[in-house]
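Biologist: I would like to learn how to read a few features of a protein model, one after another. Could you take me through them slowly?

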Amino acid sequence: MREWLGLLCRVWFTVLSGVLLGLLGACGRVDGIPVEPGVSLALAEERAARLSGLHYRLFFAVPAEQSQPIRGEAEIRFTLADAATPLQLDFRAGPGAVQKLVINGSALAAVPEREHILLPAASLRAGSNTVAIAFVAGDSALNRNPDYLYTLFVPDRARTAFPLFDQPDLKATWELNLKLPAGWQALTNGPLLAAEPGAEATLHRFAVTEPISSYLFSFVAGRFQVEQQPWGERSMTLLHRETDPAKLARNLDAIFAQHRAAVAWLEDYTGIAYPFAKLDFALIPAFQYGGMEHVGAIQYRAELLLLDENPTDEELLGRASLIAHEVAHMWFGNLVTMRWFNDVWTKEVFANFMAAKMVNPGFPDIDHELNFLLRHYPAAYAVDRSEGANPIRQQLGNLNEAGQMYGPIIYNKAPIMMRQLERMLGEELFRRGMRDYLTRYAYGNATWPALVEILDPLTEVDLQKWSEVWVHDSGFPGRSLQVEDPELFYGPRPARLAELDGWADLALVDRGRLLLDLYEGVLIGADINAEAYGDALLGIVAGETNQLLLATALSQLSRLQQTLLPDAVRERLQPRLEATLWAGIAASDEPGRTRLLYDNLSLLAAQPDSLQRLLAIWRGEESVPGLQLSENDRIQLAERLALRLPEQSAAIVSAQLAQTENPDSRRRLAFLTPALASDTAVRDRFFAGLADPANRATENWVLDALGYLHHPSRTAHSVRYIQPSLELLQEIQVTGDIFFPSGWLHATLENHDSAEAVATVRAFLAKRPDYNGQLRMKILQALDLPLRAQRLAQ
């Protein structure tokens with residue numbers, strides 16, 4: 001009888017708990033903290049004050065079939081300062097995703113409400129608590145492909161996959177077990193303890209990690225090849241899906257060596273040994289970012305590390321910089337993490353800033369002042385000159401908008417600011433401050449004001465005032481708040497075309513400065529004739545031997561010719577442009593320079609003779625002197641020819657699909673095929689299909705497709721896509737990764753130069769005065785080039 005009574009009591013407790021939790025959620029508040037989508041600042045602060053000692057033990061069973069759900073289990077252990085009020089656990093899941101909830105040994109009915117599971121106060125206790133949950137994992141951040149997947153949880157997307165406390169200042173230790181199809185490999189933050197084969201699946205068990213934030217937890221699993229190289233008494237592991245053994249052989253040693261060199265440099269600079277158990281990495285096709293610094297398990301876009309033959313100086317330097325950037329995060333961002341995502345820029349600025357220091361010794365033939373200028377200033381200028389300029393440090397009320405904190409300002413302007421800060425303090429005092437910062441907040445969290453507090457006593461400059469302008473204001477800082485060094489000055493300066501007459505006598509960095517200043521002068525409507533500048537750029541392209549300067553001149557020339565110049569001027573310039581590029585290729589004796597010229601020729605060619613020669617190159621009937629085309633080169637050329645030769649488009653794409661050996665590259669080209677079609681009805685249907693989030697799953701493919709839909713030769717038709725693209729933006733911000741909304745906007749708008757395109761965007765914003773402020777800024781940033789093109793046409 002007692003057993004029946006006990007069971008009855010437990011049943012009633014479960015039912016009543018569910019009812020009460022539902023009522024609490026319906027009321028929209030839990031003891032003063034609103035129950036609302038995302039993770040609000042108020043909720044994060046409340047939980048940070050109550051929770052400590054977090055540990056996650058996670059299990060995921062991954063089926064071989066992509067369409068089948070991934071089932072998971074989570075055991076969450078934590079210490080609670082007080083149990084007087086309920087606790088919100090984050091989980092943005094569909095109906096029925098929570099299959100079991102047990103709190104401190106008692107089963108409860110889980111009632112997900114507004115992206116949270118409410119843990120009632122009656123089930124919690126001050127001190128140690130354990131919550132066990134069985135669930136169906138959400139797919140949106142798992143990046144599932146036919147035979148591999150990878151998680152990408154930055155900034156707040158872990159909560160889409162499993163239940164947790166998803167905020168950066170609740171660091172936890174993590175323990176992962178994965179049940180995977182036989183033959184799959186896996187990588188996560190902790191070292192592999194064992195792989196235990198079963199009849200149809202293998203259980204991979206991993207060691208417990210150091211304390212890390214939830215956005216840094218990650219795993220990769222699938223059919224990957226494994227490469228290893230020694231690293232002191234340990235080893236580094238690389239996962240990849242490359243099918244070209246020659247490409248792999250060309251790149252592997254450099255990839256491992258650059259990781260080892262970056263660790264050694266950072267250990268020396270910081271005085272802190274590598275702070276985690278391991279350092280492995282996975283090279284992923286069409287990865288959304290250049291890289292992501294998951295603790296001990298970095299993810300990279302494969303094509304940025306596995307370079308084709310004859311890479312340019314820019315590509316080699318870019319790879320080294322990317323590796324240095326991600327390794328720097330192990331200290332700056334992972335060991336010490338921002339408290340809230342309004343300070344996400346601090347981890348990015350340190351990674352970029354340290355990367356620039358690191359790569360210099362490995363490239364003694366590169367002018368590193370020039371490289372810093374050209375890698376950072378143009379992208380930062382593009383935002384600061386726009387109507388949507390944003391400060392480095394922004395306000396953030398909810399983590400569901402944290403992705404909009406990212407952009408050129410934190411990646412490009414912030415390193416310029418940090419360089420000026422180092423110059424004010426001196427290198428040694430700056431380094432001492434960095435060591436103090438890392439030691440004081442190791443395995444914890446910090447804010448920008450906390451760093452200013454450390455650095456302020458080291459200089460006579462009022463860092464609070466300096467920071468207020470550089471960090472909290474948008475636009476170009478006044479001269480009085482910049483260091484007295486012409487090389488470090490940030491902002492366009494007046495320039496005249498006549499200054500190009502002395503080009504040969506200028507130092508390389510001064511040439512770079514002049515290119516930036518003249519281009520900005522064209523854009524802002526200074527007294528610089530755009531057509532005359534285009535002519536001058538052709539002369540620079542013909543004679544400049546420095547690849548960094550050549551790449552910048554070609555980039556500016558491409559933008560002028562595709563968007564900014566009036567049609568009549570483009571028609572006059574086009575034959576000379578193509579003749580200059582062909583002549584440059586024929587005369588070049590440097591493979592990197594040849595590649596730069598060829599890449600831009602294949603992008604810009606429009607004359608019938610050039611297109612026929614490129615078609616012959618694609619068919620293998622002709623070759624590019626000094627350049628061996630890879631499969632990726634041939635695919636890119638096929639895509640560009642399909643655009644320029646519409647009557648042959650279908651045949652070209654079909655033939656390239658048949659010739660493509662790499663399965664991931666073949667899937668990508670198949671996805672892009674409708675966007676390349678000459679039939680506007682096919683392109684319209686493809687674009688309409690992008691309204692379905694499932695068709696936006698591989699974001700790099702989508703951005704490539706948008707680039708083709710909005711190709712400069714097609715903007716008269718694709719202007720109709722602008723309005724629906726803007727209408728999708730808020731949904732894309734919710735479903736996409738951090739760079740996708742901005743990428744979506746730029747791919748949609750940057751090639752348009754018509755009054756209709758500008759008016760469409762203006763009207764969209766005018767009808768929505770209360771539109772999301774962050775997204776409004778992103779729209780205005782992307783609108784800048786169409787606006788400039790319109791003004792130049794007047």
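Predicted model: local features only at pLDDT ≥ 70, side-chain atom pairs only at ≥ 80, totals over all residues.

Biologist: Where is Tyr 215 found, and which residues does Tyr 215 touch?

Modeller: Tyr 215 is found in the loop between strand 15 (201-206) and strand 16 (219-222), where helices (H or I, at least four residues) and strands (E, at least two) are DSSP runs numbered from the N terminus. Contact means heavy atoms within 4.5 Å, and, leaving aside residues up to four places away in sequence, those that Tyr 215 touches include Phe 153, Pro 168, Glu 293 and Phe 341. Glu 293 lies 78 residues from Tyr 215 in sequence, and their C-alpha atoms are 9.9 Å apart in space.

Biologist: Why does the span of helix 15 agree with its number of residues?

Modeller: The expected span of a helix is 1.5 Å times one less than its number of residues. Helix 15 (residues 567-587) has 21 residues and should therefore span 30 Å, which agrees with its end C-alpha atoms being 30 Å apart.

Biologist: Where does helix 15 bend, and what do its buried residues pack against?

Modeller: The bend at a residue is the angle between axes fitted to the seven residues ending there and the seven starting there. Helix 15 bends by about 35° at Leu 573, with a proline, Pro 575, following within four residues. Leu 573 is also among the buried residues of helix 15, as are Trp 582 and Ile 585, and these buried residues pack against helix 13 (530-543), helix 14, helix 16 (591-604) and helix 17 (608-619).

Biologist: How many residues of helix 28 are buried, and what covers them?

Modeller: Helix 28 (residues 784-793) is mostly covered, since 7 of its 10 residues are buried, including Asp 784 and Arg 788. Among the elements that cover them are helix 7 (368-384), helix 12 (508-524) and helix 27 (773-782).

Methods
Residues numbered from 1 in each chain as written. Heavy atoms only, no water. Buried < 20%, exposed > 50% of the residue type's maximum accessible area, 1.4 Å probe, protein only.
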